[in-house]
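My entries follow the order in which I checked them.

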Amino acid sequence: MDAIVQTLLQLTIRDILQRPPFQKAEVLASEEALNRTVRWVHIMEVIQAGQLLSGGELILTTGIGWQEDEERSLIFLQQLLHSGASGLCIELVTYTARPPKRMLELAKNEHFPILLFHEQVRYIDITQDLHTHFITQHHKTVSELEALSTQLGQLRTQYFEEKRRYQDDLWLADWLAGKHDLTEISYYIRYIKPSAKLGSGAVCVFQLEAAQMETKDFAVLMLQRNRLARVIFEREGFLLLTLLLQGQLVFILLDQLEQLKWKERLLQAVEQLRHTDMKHEPAIFSGLWGIGKSMMCPDQAAESYATAKETIAIQLDAGPLPAPFFDELHTYKIISALKKSGMLEELIRDYIEPLASYDKEKHGQLLLTLKTYFIHSGSKQDTARELFIARQTLYHRLDKIIALLGEDFMHADKRLAIELAVNAYEYTRGVIR
């Protein structure tokens with residue numbers, strides 16, 4: 001730091017010539033000489049100057065020590081050169097009319113600047129001007145360096161915080177990948193919160209939009225929202241660990257109330273979070289979200305995480321669900337598996353395609369009638385009431401359904417397959433209305 005301060009406090013001869021006391025000075029200096037640096041100003045009238053200088057000084061003199069004596073002037077200049085002085089200012093009014101020729105030649109050969117004043121000048125004014133500048137620059141530089149030091153300290157702290165956060169994210173990602181055993185997980189959790197309970201829990205995933213993650217202040221935004229989420233979930237009895245992973249915000253939730261109405265509490269926490277989040281721009285938690293399979297132990301987080309992502313994938317096909325728990329998806333799980341296997345369209349085609357084709361061609365409502373009939377477990381009265389149609393109209397539609405699907409469509413095994421096909425139809429094409 002001392003070297004930096006010293007460098008910043010130096011002026012060149014070129015800089016000094018721009019200051020008011022030097023406006024009328026005659027300059028005898030090459031371009032190289034003008035680039036010499038000055039770190040202090042010194043008035044000197046004796047020729048034995050070597051022991052008084054430490055280098056970098058601009059020497060002010062009237063020439064009284066050597067006057068018209070060429071040899072003495074050379075001795076004086078050689079000592080200045082040997083001591084590393086930056087330049088020489090000579091007042092030519094009182095004691096000397098012009099520096100000796102050999103003195104000027106030596107200065108020229110050594111690229112040593114000489115500044116001549118042809119009018120009387122107050123050297124005290126020159127020293128005061130330059131010394132004030134040096135002192136002012138010193139204080140300014142020290143202040144700036146102190147500010148820089150503080151800033152570097154803050155950057156250093158931020159660097160270690162970012163490094164720790166990165167290491168935590170890697171550890172959590174490995175946890176979700178099933179790479180940590182229960183002992184390692186227990187140690188990690190107890191390090192974060194010694195009193196934490198390590199029983200049941202679940203992984204909750206929020207789908208983020210690419211535009212959200214590209215905003216300038218996204219990192220700050222995530223810190224703010226994570227703090228908000230931690231307060232809300234802890235109030236509902238959950239220990240929360242968060243991780244941004246593959247465009248999704250992952251919440252690892254450990255239940256601290258031992259499964260006491262855990263789904264209700266979790267839903268309430270998410271609703272509070274989404275409601276509060278909607279008051280801010282941009283909203284982070286407004287998209288699809290899903291809760292994975294309940295884990296009875298923290299080392300089951302990998303399965304809960306995978307099923308939470310599956311819950312979001314199902315909603316991309318079937319639409320948003322009010323309570324997206326994987327444990328409650330039931331037929332959606334089967335339909336999703338059938339879709340992955342490529343058998344979903346075959347199921348629809350084999351069991352309800354005739355009704356779908358009839359509705360499309362005749363603008364009928366056979367699929368809606370069948371769906372409602374199944375919901376009411378074959379009750380004609382309840383079905384007609386819900387559809388707002390006469391009993392005779394319902395009988396006519398049921399006769400058409402029998403003609404297209406067969407009289408055995410209400411037999412247990414076939415009915416199960418047809419109901420699954422109806423759900424699959426809505427899963428891929430939207431709600432039957």
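Entry 1. Is K24 buried or exposed? I found K24 exposed, at a relative accessible area of 66%. For this I took buried as under 20% relative accessible area, exposed as over 50%, and partly exposed as in between, with a 1.4 Å probe and protein chains only.

Before going on I noted the conventions. The model is predicted, so local features need pLDDT of at least 70 and side-chain atom pairs count only at pLDDT 80 or more, while totals for chains, interfaces and linings use all residues. Residues are numbered from 1 along each chain as its sequence is written, and side-chain values use heavy atoms, with hydrogens and water left out.

Along the principal axes, the C-alpha atoms fill a box of roughly 135 × 55 × 35 Å.

I then looked at burial and contacts. Of the 433 residues, 44% count as buried. Among contacts (heavy atoms within 4.5 Å) between residues at least 6 apart in sequence, 68% join residues at least 24 apart. The protein exposes about 23,800 Å², and carbon and sulfur atoms supply 53% of that area; the method is Shrake-Rupley with a 1.4 Å probe, and for residues only the protein chains shown count as cover.

I read α4 as residues 70-83, 14 residues in all, reaching 20 Å from the first C-alpha to the last. This is close to the 20 Å expected at 1.5 Å a residue, where the expected span is 1.5 Å times one less than the number of residues. At its start, a side-chain oxygen of D69 comes to within 3.1 Å of the backbone nitrogen of E71. After α4 comes G84, with a positive phi near 85°.

Which residues of α4 are buried? I listed S73, L74, F76, L77, Q79, L80 and S83. The buried residues of α4 pack against β5 (57-61), β6 (87-91) and α5 (101-109).

K24 and E119 form one of them, at 3.8 Å, N to O. This pair links distant parts of the chain, 95 residues apart: K24 is in the loop between α2 (13-16) and β2 (26-28), and E119 in the loop between β7 (114-117) and α6 (123-176). E119 is partly exposed, with a relative accessible area of 48%.

E70 and R102 also meet in a salt bridge, at 3.5 Å, N to O. E70 lies in α4 and R102 in α5, so the pair ties together parts 32 residues apart in sequence. Both count as partly exposed, E70 at 26% relative accessibility and R102 at 39%.

My last pair was K179 and D174, in a salt bridge at 3.9 Å, N to O. K179 is exposed, at 59%, whereas D174 is partly exposed, at 27%. I also noted that salt bridges with shared partners join E70, E71 and R102 into one network.

Methods: Helices (H or I, at least four residues) and strands (E, at least two) are DSSP runs, numbered from the N terminus. A polar contact is a pair of N or O atoms within 3.5 Å; within protein, one must be able to donate a hydrogen and the other to accept it, and residues adjacent in sequence count only if both atoms are side-chain atoms. A salt bridge is a side-chain nitrogen of Lys or Arg within 4 Å of a carboxyl oxygen of Asp or Glu.
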